[in-house]
Amino acid sequence: MARSLSKWTKYKLLARSKKIRKALPKTLPFGESAFRFMLDRCGSVYVKPVRGSGGAGVVKVTSGKDGRFVVHHGAKKMPASGAAEAYAIVRRKTGHRSCLVQQTVKLLTVGGRPFDVRVMVQRTGRSHWTATAKLAKIAGPGHIITNVARSGGRVASVKTALRRSGFGERAGSISRRLDRIALAAVRRLHKFYPWINTVGMDLGVDRRGKVWIIEANFKPAKSLFRRLKDKSAYHRIMRYYSRRGK
């Protein structure tokens with residue numbers, strides 16, 4: 001039986017691994033009780049559709065002073081006088097879609113804009129996986145999502161993004177950790193989705209330097225890497241595709 005490709009299914013499969021679970025933000029199926037619980041526990045959450053990609057439909061809710069909240073959707077911020085109003089706003093934005101509510105990871109920023117890292121993990125043999133390339137996706141002005149097309153953001157090398165975020169001295173160790181976690185996650189997912197050959201792992205780095213798993217994309221865009229000034233990463237990705245006859 002084919003397994004669901006939903007974010008929730010992938011999350012549950014990864015969470016079964018004690019090693020990988022440490023890198024997963026706390027996540028629950030979205031509903032009013034889960035929404036209130038997560039806000040009380042985390043102070044800030046993302047609500048995102050179970051299906052879909054590219055940051056479509058993602059909403060961020062942050063609790064403030066005096067029981068007030070801020071709902072951030074796209075580049076717009078909407079105030080809410082309480083959790084009930086915040087929930088109602090989120091429901092209007094998400095419609096009838098099934099969603100997840102997830103702990104917010106306080107990502108490193110470049111020029112005040114959050115960024116995450118896309119790590120391309122590719123398979124050459126039956127089970128030989130390699131982290132072939134990675135880049136930083138920097139959110140556009142005022143946006144909470146790092147999807148370059150949707151937010152009007154830009155890409156940069158991971159080394160450049162880490163340096164500009166103040167983590168330049170730790171760039172080497174963080175880069176290796178990104179590869180290590182991406183590979184562990186993909187190998188885990190491959191056990192349940194044996195047909196996958198290329199996975200774009202979106203990972204975040206928080207202000208303590210901890211690496212978090214955000215999302216696993218089974219059909220990642222290769223063209224994103226063509227935006228880098230140095231095209232070697234793109235060519236490396238394409239060599240793996242050519243070896244598999246794709």
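Here is a walk through the fold of this predicted model, from its overall build to its nonpolar cores. Numbering starts at 1 along each chain as its sequence is written, and side-chain values use heavy atoms, with hydrogens and water left out. Because this is a prediction, local features need pLDDT of at least 70 and side-chain atom pairs count only at pLDDT 80 or more, while totals for chains, interfaces and linings use all residues.

Let's start with the whole chain. It has 8 helices and 12 strands, taken as DSSP runs (helices H or I, at least four residues; strands E, at least two) numbered from the N terminus. Its radius of gyration is 18 Å, close to the 18 Å of the globule rule for 246 residues, so the chain is as compact as a globular protein of that length. That radius is taken over C-alpha atoms, and the rule is 2.2 Å times the number of residues to the power 0.38.

Now go inside. Of the 246 residues, 53% are buried, meaning under 20% relative accessible area with a 1.4 Å probe, protein chains only. The largest nonpolar core holds 42 residues; such a core is a set of buried Ala, Val, Leu, Ile, Met, Phe, Trp, Tyr and Cys residues joined through side-chain atoms within 4.5 Å. Helix α7 (171-190) is among the elements giving it two or more residues, and α7 supplies the largest share, 10 residues.

L178 is one of the residues with the most contacts inside this core. Skipping residues up to four places away in sequence, L178 touches V117, V119, V158, L203, V205 and V211 (contact: heavy atoms within 4.5 Å). A second, separate core of 20 residues includes V47, V59, M78 and A83.

Key
Buried < 20%, exposed > 50% of the residue type's maximum accessible area, 1.4 Å probe, protein only.
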